[in-house]
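Welcome to my notebook. I have the structure open beside me, and these are the things I looked up.

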Amino acid sequence: MELHDVWFVLIAVLWIGYFFLEGFDFGIGILTRTLARNTTERRVLINTIGPVWDGNEVWLLTAGGATFAAFPDWYATLFSGFYLPLLVILVCLIVRGVAFEYRAKRPEPRWQRNWEQAIFWTSLLPSFLWGVAFANIVRGVDIDAEKNVTGSVWDLLNPYALLGGLVTLFLFVFHGSVFAALKTVGDIRDRARASALRTGLATAALAAVFLVWTQADHGNGWSLAALVIAVLALAGALAANQVAREGWAFVLSGATVVAAVAMLFLSLFPDVMPSTLNPDWSLTVTNAASSAYTLKLMTVVAVVFTPLVLLYQGWTYWVFRKRIGVQHIPGHDPAAALDKA
């Protein structure tokens with residue numbers, strides 16, 4: 001296996017890790033308005049990801065940086081052709097981080113509600129847009145002989161891509177619901193399991209169409225195997241959720257995310273951005289890669305530092321592994337908690 005193939009796999013792993021971690025992170029942000037019934041419950045949900053949300057985003061930074069260094073032509077074509085949706089995602093991530101930090105800076109209910117609304121919308125929009133973006137990468141876009149995307153932003157809003165956006169949106173909410181059930185106690189835990197059932201069934205219906213469509217148009221034997229794993233994992237997650245085995249449900253919902261994203265990369269290889277104008281103009285792991293020396297140097301750095309990052313992030317999750325509930329929120333009044341915010 002050549003180094004450019006290795007780095008395609010490593011970049012795929014980084015994106016898979018990002019969607020696995022940020023998936024439930026985004027899902028929790030959406031659930032703050034759809035699952036939580038009052039301000040206290042919204043604070044409980046936010047606290048489930050409070051210690052880890054910013055660490056989850058490191059995977060995105062690493063994936064983007066690795067793409068820039070290993071496949072500069074892929075990075076340049078992607079970020080120029082997908083400029084508007086990626087800009088919206090970037091703005092959402094910035095506002096989302098500010099919202100987490102600023103929400104509790106002042107006690108006024110209106111102040112907190114506004115930042116909670118920001119958390120909801122800046123979780124929902126990226127969840128949808130990431131699916132649109134990756135569906136278009138797999139489907140292919142209008143790339144000319146100069147490696148420039150010639151189509152408009154409206155070309156990205158095709159039926160296949162919009163379906164991909166709905167799949168990631170519902171999948172992340174399902175993943176987040178399972179995580180909420182795993183990390184909370186009391187009534188909110190029961191409602192999180194009910195939410196996981198509803199969103200899981202919706203995810204299954206949407207994903208079945210999208211993944212079969214992907215396999216039919218772009219798939220191969222490896223992507224078919226990933227599709228089967230995704231289907232089985234989703235079914236297992238739903239079953240585990242129904243018997244209140246939240247740990248297994250989370251592992252399997254995560255496996256669903258991993259298998260589904262892996263299927264997209266397996267369908268894409270050896271291309272990194274197919275051209276719909278002329279297959280010869282497609283960007284591949286060969287013609288979009290950096291020099292062999294650059295890839296070799298990056299490999300050495302990755303071998304040294306990646307285990308350290310994984311150990312640190314794993315330690316963070318271990319430290320903050322306990323469940324929380326409304327009773328753990330300072331100043332919680334059980335009677336006032338019955339009132340909706």
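How many residues does helix H5 have, and how far does it reach from its first C-alpha to its last? I found 20 residues, 83-102, and a reach of 28 Å, close to the 28 Å expected at 1.5 Å a residue. The expected span is 1.5 Å times one less than the number of residues. Helices here are DSSP runs (H or I, at least four residues), numbered from the N terminus.

A note on what I am reading: this is a predicted model, in which local features need pLDDT of at least 70 and side-chain atom pairs count only at pLDDT 80 or more, while totals for chains, interfaces and linings use all residues. Residues are numbered from 1 along each chain as its sequence is written, and side-chain values use heavy atoms, with hydrogens and water left out.

**Entry: the buried side of H5**

I asked which residues of H5 are buried (under 20% relative accessible area, with exposed over 50% and partly exposed in between; 1.4 Å probe, protein chains only). They are Pro85, Leu86, Ile89, Cys92, Leu93, Arg96, Gly97, Ala99 and Phe100. They cover an arc of only 160° around the axis, so they sit on the same side of H5. The arc is taken from the directions from the helix axis to the C-beta atoms. An α-helix has 3.6 residues a turn, so residues three or four places apart point the same way.

Next I looked at what covers them: the list includes helices H1 (3-34), H2 (39-49), H3 (53-70), H4 (72-81) and H6 (109-139). Tyr83 is also in H5, but it is exposed, at 53% relative accessible area.

**Entry: rings**

I searched the whole structure and got 30 aromatic pairs (Phe, Tyr and Trp rings, the six-membered one for Trp, with centres within 6.5 Å; planes under 30 degrees apart are stacked, over 60 edge-to-face, the rest tilted). Phe68 and Tyr75 make an edge-to-face pair, 5.1 Å centre to centre with 75° between the planes. Tyr75 is partly exposed, at 25%. Ring pairs also link a cluster whose members include Phe8, Trp15, Trp130 and Phe269.

**Entry: Arg193**

Where is Arg193 found? I located Arg193 in helix H8, residues 187-218. Leaving aside neighbours within four places in sequence, Arg193 is in contact (heavy atoms within 4.5 Å) with Ala181, Asn241, Ala244 and Glu246.

Conventions. Helices (H or I, at least four residues) and strands (E, at least two) are DSSP runs, numbered from the N terminus.
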